[in-house]
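Student: Hi! Could you walk me through this one?
Tutor: Happy to, here it comes.
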Amino acid sequence: MGKNRVPVEAIREAMIYFIKERNISVPVVLKTVDISRSRLYDYLQGNGKVSATTLVNLLVTIGVSFDELMLHVYMNHPELLDPAIKELGLDAHSHTMTLTEDTVYRTLSMYDETRDVRLLVNLVRAINSQVADEVEKYRLIEMVRPTIIKLLAAREFYTANDLLMFANIIRHEPYNAAKMVVKQMSDQAQRMAKLEGYGLMELDNFSSAEVRNVALLHFQLLIMALENKDGDTVKKTLMFLRDYRLPALSTYFSFVKKMAEVVELALDEKNEEAEQLWHRALDAAQFMIDERFWPIYSFIARRSFEEFLVPVNSYKRHMTEQNQ
């Protein structure tokens, strides 16, 4: 794929589509965007270019995010898509199920050349979904983990992809390091929540994935806290998941909250209620959640209720001994 693989004509075509589809008049554009009428017409007619600043302000004015613009481009010009994910066998619909050490090396090599984070996200997600053998899965994730940790350590702002990427490797991280990263990601989500009242389309589109992934990270941290007998974090994380809300409906988000409730019921010695909720949530989720996308669902769905309770029961025994 050469330079500028998305041509200016495709971007202009998408921009014209949204301006017409949303019935945005030229006077409205001119009122909010620093561009002359003649230059705007020249751009829309294919006779000129606009700066990145003008392009961003045009998107804000017509209420379209950059992701929505690019989705329109790719829907109409699929030939512009980068074929790397599919060629590597990392796409969610891959039926080959042959992800190997060679695939990991090839993906990491391509990432070193391109710095395309999508490669890492799809790689760890593919490992978790395609590799059935737990020992091999652990080994392959360990090959990728240093690259991801180095990347995240340099971040000041986390994207939804960053959160999903870390969610796929969190259980490989040292417990205290995992706690620190989850806190940083959670703090960002809380800062975003303060902007919800401004009606930003970009925030609306991004927030659902961001908030859902924060909940996913906290649930995995809850399991790690139980395993590490960290009572303070167990209590705080359960409270966080109990009170946490998602801006939009999400079946997976509801599933995570129900699993946290299962843990809470089991800790309160209400095992019968916990098991009933476990089976109800699992049965409902089978029709709506694709385990190729959500590693924690795979972790739960491939275990029995008794196996799921192992860290809970171990934590309860520890707390009983501590209180004697």
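Tutor: One term to begin with: axes are lines fitted to C-alpha atoms, for helices over the stretch in contact, and angles run from 0 to 180 degrees between N-to-C directions. Helices (H or I, at least four residues) are DSSP runs, numbered from the N terminus. The model is predicted, with local features needing pLDDT of at least 70 and side-chain atom pairs pLDDT 80 or more, while totals for chains, interfaces and linings use all residues. Residues count from 1 along each chain as its sequence is written, and side-chain values use heavy atoms, leaving out hydrogens and water.
Student: Great. At what angle do helix 7 and helix 9 pack?
Tutor: About 15 degrees, with the axes of helix 7 (residues 101-114) and helix 9 (residues 134-153) 9 Å apart. The two helices are therefore roughly parallel (angles under 35 degrees).
Student: Which residues of helix 7 and helix 9 make the contact?
Tutor: Helix 7 brings Glu101, Val104, Tyr105, Leu108 and Tyr111, and helix 9 brings Arg139, Leu140, Met143, Val144, Thr147 and Leu151; contact means heavy atoms within 4.5 Å.
Student: New topic: what is the phi of Asn23?
Tutor: Asn23 has a positive phi of about 55 degrees, though it is not a glycine. Most residues other than glycine have a negative phi. Asn23 lies in the loop between helix 1 (8-21) and helix 2 (26-32).
Student: Is Asn23 buried or exposed?
Tutor: Exposed (over 50% relative accessible area, 1.4 Å probe, protein chains only), because Asn23 has 68% relative accessibility.
Student: And where is Glu269?
Tutor: In the loop between helix 14 (251-267) and helix 15 (271-285). Glu269 has a positive phi too, about 65 degrees, and counts as exposed at 58% relative accessibility.

Note on methods
Parallel < 35°, antiparallel > 145°, perpendicular 65-115°, else oblique. Buried < 20%, exposed > 50% of the residue type's maximum accessible area, 1.4 Å probe, protein only.
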